Amino acid sequence: MASITIRGVKKNYAKTQVVHGVDLDFTSGEFVVILGPSGCGKSTLLRMIAGLEEISDGTIAIDGKVVNKLEPRERGCAMVFQNYALYPHMSVAQNIGYSLKVAGVPSAERAQRIQAVARVLELEHLLDRKPMALSGGQRQRVAMGRAMIREPKVFLFDEPLSNLDAKLRVQMRSEIRKLHRRLNATSVFVTHDQVEAMTLADRLVVMNAGRVEQVGTPAEVYSRPASRFVATFVGAPAMNMLEGEVTLDGVSLLGGSRKLNVSRAGLSVGAKVAVGVRPEAMRMVAPGTPGALEATVDLIEELGAGRVIYVDLDGAPFSIVTSEIVHPEPGSTVGLQFTESDLHFFSSETGGRLDVFRASVPEPALQG
Amino acid sequence: MEKRVTFGRWTIGILFAVPQLLLIFTFFYWPAGQAVYWSLTLQQPWGGGNIWVGLDNFRSILANADYWNSITASLVFAGISTGLAMVVALVLAALTDRQLAGSRLYRVVLIWPYGIAAPALALAFRFILAPEAGFMAVVNKLWPGFWDPGLDGADAMASIIIAFSWKYVGYNFIFFLAAFQAIPRSLIEAAAMDGSGVIRRFRDIQFPLITPTIFFLLVINITESFQDSFGIVDIMTAGGPANATNLMVYKIYSDGFKGLDYSGAAAQSIILMLLIIALTIVQFRFIERRVHYR
């Protein structure tokens, strides 16, 4: 168990900077997920913690001790790689026990610890096999076993589930979660999959283009995204965005004559804003309902438990998730309603959240 | 869908194979068969018939101490030059693999020695290793009589080993470097996370994973050291001094074309061929077991 402190960490490759000064604090025993699109620098950050990449600037400390100059083996971290990185010429037992062998643990004790780890991961019957003869899920478990056996202070996961099929991924996700509860080691998990991120994280770090966009619990990140990027990246389907300009009595939407009749508290008149609303926060009503926006249905995706209805709102794509059993015809007109407290406002220039809206404004706030 | 090409009539398949079969027959089986025939007869040096003598040629060769000396010299040469060429190449490739800048240049530069004809290479080394001028002259000045391949058999053997190894270091290097680079980086990183240092990683991870390449190069190097050494021996030592570098392939030439003992030379080439075949079989039987194929 260990805390990790990251201060002003940057990473340059030749002349290109890929991580632009990151400050983060991970507390001991916490499960942190770093979420971001590919190329956002999340894996680079993880590899800098592990010691596989040099830190160009700033410091990383594990348990208060700066580790910038330490070799990977001196940092007390274990890592699970995306492609598992199992040693192909060693059996499962040898793979799991390799770190102990390097550390000079006597073979009797080694065998005993390998057995213990294999029991937890249900690998006992596979110990003599070579990685070649294992399925994807089994390889994944061996990779976890290899990390576990060292009883590390810190667990690092570099997109470990992205090579598995959907069903296994869900299963391994809960196994990782259970494992964390058992071992309680500080864990840093990197992924681009938001479902993985939301379900695993105690705390979520959203990164984009080498910067941290937001740090918070999954619920916080979902309900109060700190930026337009986070708003559209977290949540599926993505949050709907309407471009507009603040007027005296609300926000007039660009690309049409419509207006959102919302209280303007704190927004300066004339400011360009993006108004976001989650597809789940939308209600579909009959066209012509007072206060509803009208839109044309494009496409319906049936999900079984619910359905996603894609509509066209003055040329802007818009989606609605509903669990009601409705089947509007493509091309027909529907009315859309939402509550003012469900709206998110972002600056069109900086993308930052314009944090002006108090929660709980009950009545419908829309006018066609 | 059937991926193999299939022919309606077997004759078409045979027709496609004929040009290649003809080449192999003309340039391998025919001369080899001819050598077998000659080795069982006594050929007239200037033509004009022969006498069937059965295995007499083999008996007389194998009873000759000079020939056993030649076999010993060949085995020593094969062992040391293969070892030297492979170890040097392995070390160079391992170092290059760690710091990759400029590796494309190394690849080009290091393959060149393999492209140089053996006699040209041998001539260069004859000057480089000459006892009376150049670098070795300086050494001889410090320790008089230390180096003289013209008089000392061991020095002569060392000279041809150095020349041959130099040629094959480049060849081996290319294969070793490719093998190292085919190892996924994450395996090395995983080993580093497991606490393994540079040397340990090389021993436990990289070395076992390049064993297929090591095995391939071992077979090639040993085979070539029996065959490709002719030009180097001919230019550098001509088999001397006192037969110290009279390798099997060179003795075949000198007995056959200088001594005009065609039958004896033919028998020697059959023995050389059998020896190379036997060595290759041994390598496949006993060493290949230790190879980890992925």
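Figure 1. Of the 294 residues in chain B, 32% are buried (20 or more other C-beta atoms within 10 Å of the residue's own, with C-beta atoms placed from the backbone). Chain B contains 13 helices and two strands; these are DSSP runs, with helices (H or I) of at least four residues and strands (E) of at least two, numbered from the N terminus. Along the principal axes, its C-alpha atoms fill a box of roughly 75 × 75 × 30 Å. Among contacts in chain B (C-beta atoms, placed from the backbone, within 7 Å) between residues at least 6 apart in sequence, 70% join residues at least 24 apart.

**Figure 2. The two assigned domains of chain A.** Domain 1 of chain A spans 4–228 and domain 2 of chain A spans 237–367, with bounds from an automatic or database domain assignment. Their C-alpha centres lie 39 Å apart. Four residues of domain 1 of chain A are in contact with six residues of domain 2 of chain A. The domain 1 side comprises two nonpolar, one polar and one charged residues (nonpolar: Ala, Val, Leu, Ile, Met, Phe, Trp, Tyr, Cys and Pro; charged: Asp, Glu, Lys and Arg; polar: the others, Gly among them).

**Figure 3. The side of chain B that touches chain A.** Here 16 residues of chain B are in contact with 17 residues of chain A. Helix H8 (185–193) and helix H9 (198–209) of chain B are the elements that give two or more residues to this side, and H8(B) gives the most, with six residues. By class, the chain B side has eight nonpolar, four polar and four charged residues.

**Notes.** Residues are numbered from 1 along each chain as its sequence is written, while chains are lettered from A and ligands numbered from 1 in the order in which they are written. In this predicted model, local features need pLDDT of at least 70 and side-chain atom pairs count only at pLDDT 80 or more, whereas totals for chains, interfaces and linings use all residues.

Terms used:
A residue is buried if 20 or more other C-beta atoms lie within 10 Å of its own, exposed if 12 or fewer, and partly exposed in between; C-beta atoms are placed from the backbone. Two residues are in contact if their C-beta atoms, placed from the backbone, lie within 7 Å.
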